[in-house]
Amino acid sequence: MGLLLVAAGLIASAIQGTLVTDIPAIVGYCISILFYFIVVCSALQFHRCAVIVAIIWQIVAIVWYTVGLVMNREALAKEANQTDWIIFLVVWYVIHVFILYAEWVYVSEVGKGIMSRETHSREKYSCCCNV
């Protein structure tokens, strides 16, 4: 889910033309995409260390985004659609906290032995994911 959101954000920013001079945003998007690939690959292998590193990056990205908002608060205050910005920011933070929570629960369950190759089918069944 996070990978799709980051890719969608990158595409939306490219379409709007805001990435032309925003090198930190381009770097942030690329690093986030890399870390989401790492999460997917390590989760498939039931390795929690790489997921922990991705959680750390996720926290850094949230802080990075928040600092960027604070630094650009005057420009954001002049925006005509304040309500849209507030809704966007609330949704953005809620989604990222949800992703952090899901990754942390996964790391916790792998660490406790609840989620492993041997127990995957049982856990998949117990969370109503009968696919």
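Q: Where does Ile38 lie, and what makes that stretch a helix?
A: Ile38 lies in helix α2, which covers residues 23-44. A helix here is a DSSP run of H or I with at least four residues, and helices are numbered from the N terminus. The model is predicted: local features need pLDDT of at least 70 and side-chain atom pairs count only at pLDDT 80 or more, while totals for chains, interfaces and linings use all residues. Residues are numbered from 1 along each chain as its sequence is written, and side-chain values use heavy atoms, with hydrogens and water left out.

Q: Why is Ile38 called partly exposed?
A: Its relative accessible area is 29%. Buried means under 20%, exposed means over 50%, and partly exposed is in between (1.4 Å probe, protein chains only). The value for Ile38 falls in between, so Ile38 is partly exposed.

Q: What makes the pair of Tyr65 and Trp92 stacked?
A: The structure holds 5 aromatic pairs. In this one the rings lie 4.2 Å centre to centre, with 25° between the planes. Rings of Phe, Tyr and Trp (its six-membered ring) pair if their centres lie within 6.5 Å; planes under 30 degrees apart count as stacked, over 60 as edge-to-face and the rest as tilted. Tyr65 is in helix α3 and Trp92 in helix α5, so the pair ties together parts 27 residues apart in sequence.

Q: How do you know that the span of helix α5 agrees with its number of residues?
A: The expected span is 1.5 Å times one less than the number of residues. Helix α5 (residues 82-112) has 31 residues and should therefore span 45 Å; its end C-alpha atoms are 45 Å apart, which agrees. The buried residues of α5 include Leu89, His96 and Val110.

Q: Why does Val63 count as partly exposed?
A: Val63, in helix α3 (residues 49-71), has a relative accessible area of 46%, so Val63 is partly exposed.

How values were computed: Helix = DSSP H or I, 4+ residues; strand = E, 2+ residues; numbered from the N terminus.
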